[in-house]
Amino acid sequence: MTFNKYLTIFVAKVASSAVKLLSKGQGTALPGLIAEKMNSKILKDYAKQIPEVIVITGTNGKTTTQQVVTSILRGSGKRVLANSSGSNMRRGLLSLFINKGNARGKLDYDCAVFEIEEATMPKVLADLSPNHIIVTNLYRDQLDAYGEVERTKKMIESAILKVKKARVYVNYDDPQLRDLIGSIPNLVTRYAISPEYLLDFKYEGKSEPKKESVDFLAEKIKINEDLGSKFKVAGITYGFNSPGIYNVYNALAAISLCSNLGLSTKIIQEGLLLTKIAFGRGEIIKKYGHTYRLLLTKNPAGLNLVLDLLKNVSNPNIILLLNDKIADGKDVSWIWDAEFEKLLDVKPASIIIGGSRAADLLLRLKYVYQDSVQLSEHEYILGEALRVYFEPKQKLLNKYLKQDDAPKHYFVIHTYTAMLEFRKLILGKAIED
Amino acid sequence: MKSKNSVKTITVAHLYPKEMNIYGDLGNVIALKNRLELRGYVFNYEVIGLKTKRFKPADIYFMGGGQDNDMFKVCDDLLLNKADFIKQEVEANKVFLLICGAFQLFGKSFIDGVGKSIEGLGILPVETRAPGNSLEDRCLGNLLTEINPDIAAEIRKAYDNSLPSNTIVGFENHSGQTYFTDDTISPLAKVIIGKGNNAEQKIEGARYKNVFASYSHGSLLPKNPHLADLILYIAIKNKYGIDFEFPKLDDKIEWLAHQSIRDRLIK
């Protein structure tokens, strides 16, 4: 067994180096694939070496929550292993372990913080045997990938039932998660935001009354000029730079977890403030004299929240980018469930539309403004005066961005691969994830 | 200023909007509303839900797709409280647009992926069964179809003699496979890309009297304005006879969206 294990690690490490040498790729899946074929217990062997394993899942907010938890834990002096969203499935995790461990398969970390794709939960959770599991929310998301919300909930539930000792942290405002915790025996920590802010959130399913008390409640939430937030939990004020109330949930999940781990308020506050904003999750980029705030959206709930957030800005300039690759969700019909009509209150100064399904967005907007005049192949006036630039080929977008003299603050609302393309366009390089 | 008498109203009844709305089906209602209002009609929207006991006849009935659990709830309510009314309306040649799960529930029966069987309304001579419960068994992806020539001929009257396209674009996502049980029902279209009603027959959707059924989400009507107008045209003609106006709309952006996905699929 031991020999097999060392051999597996050796071969997988060679594969990992080979991938890195042969291409500039990260080689995230191949070593994992090889290792898994040679030794099916290897994931478990690695995971059990880490004293504290934290798993984060849910449809929205996984990456941001993971970044906050990681930032706080590192700030407390712990050695933290974290995966990236590109390696949130079984083989990616295994590759990460192989790369980070030594030749004898030994890992040297105090804790691990993993974001795990919902559908991957049943495949890895028992092996990871986490001490803590955060479930952020269950929205309709990437339905073409997973089928249905019910199915996703069942996948997460069946996974958690295999790790009954783990403490589960849930967003108690989400009816789907209130339902979920009813069918698991684990210890549960509930977090929520003050009811007056809930109007903006359209959770799936009926909002039956909350039967139990909330352990961590965020109150007195203020959105700053730069869209970051300040809020109070149990009388203590926290600040967070990621935009909007929906990110308060992500911060709150991390605060609940880290408080339970016994970390001091000061360390939590600092870790929260120092959290580097995840790519595309409210990240700010400056180029051509303009400022771009990148706001990832992949479902109606997320888009509605971003549009509500933009009501705080007077006449924002908006860039909408919709792609339909697998990572975006191949089905773009969700744009008809999203309340683009909120744009009538946002009152944007201009909109630039791009991406492989740009024409679908243009049509959706035509229905918002109910009237359209085509000025040229790429320019429309919608409604009475909204100027819309239509450019499906994203790489040609910079002509609109360069031609502006006055510095502008753009709010870029984009799906996942559209964000990768946009970043590359603006920064001239791809993400190093 | 038009006199009050000349204002024409079309009532669209949305069946179970809470339970049966998935993958952007709401876009169909948005399209009907806009296309009516742009032509000067009053759009009257009614909701027929689980608890609705009394309802007035409408001109167009719309019902979308839903998740399996919601479908079972809706089916019980349909059979118990609404079956007679809906049958009457179908017989009276009222216009129905049924997407995905609604298409299945209007048929004779539906057997889901784990073998659970439910009885449908039995209005459409179709049966639906799901081969399994795994994702591989789902019909899932972009859908491109060519409209049934008989229906295309009707569209030419309603929409435009120079029909810009005889295709329908959409996105399908269903586990149930639907088969016709007799020939009183005809397909809405022939499949060019995708699965359609089932994995074998290369046909999509159905037309039975004025019931239009389809597996196209996406939404169906916004990007297929010719079909949207056929539905409106029949409904208005049903209600107002020959005396109505049906001005042409500017559908440039609609066709841009239709053609951009169509061209990509057949490339």
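Predicted model: local features only at pLDDT ≥ 70, side-chain atom pairs only at ≥ 80, totals over all residues.
Residues are numbered from 1 along each chain as its sequence is written, and chains are lettered from A and ligands numbered from 1 in the order in which they are written.

Chain B contains 6 helices and 14 strands, where helices (H or I, at least four residues) and strands (E, at least two) are DSSP runs numbered from the N terminus. Its C-alpha trace spans about 60 × 50 × 30 Å along the principal axes. Of its 267 residues, 49% are buried, meaning that 20 or more other C-beta atoms, placed from the backbone, lie within 10 Å of the residue's own.

In the contact between the chains, helix α14 of chain A (residues 358-369) packs against helix α6 of chain B (residues 252-266) at an angle of about 155°, and their axes lie 8 Å apart; the axes are lines fitted to C-alpha atoms over the stretch in contact, and angles run from 0 to 180 degrees between N-to-C directions. α14(A) is therefore roughly antiparallel to α6(B), a label for angles over 145 degrees. The residues of this contact comprise 6 nonpolar, 1 polar and 3 charged, with Ala, Val, Leu, Ile, Met, Phe, Trp, Tyr, Cys and Pro counted as nonpolar, Asp, Glu, Lys and Arg as charged, and the others, Gly among them, as polar.

Key:
Buried ≥ 20, exposed ≤ 12 C-beta atoms within 10 Å, placed from the backbone. Parallel < 35°, antiparallel > 145°, perpendicular 65-115°, else oblique.
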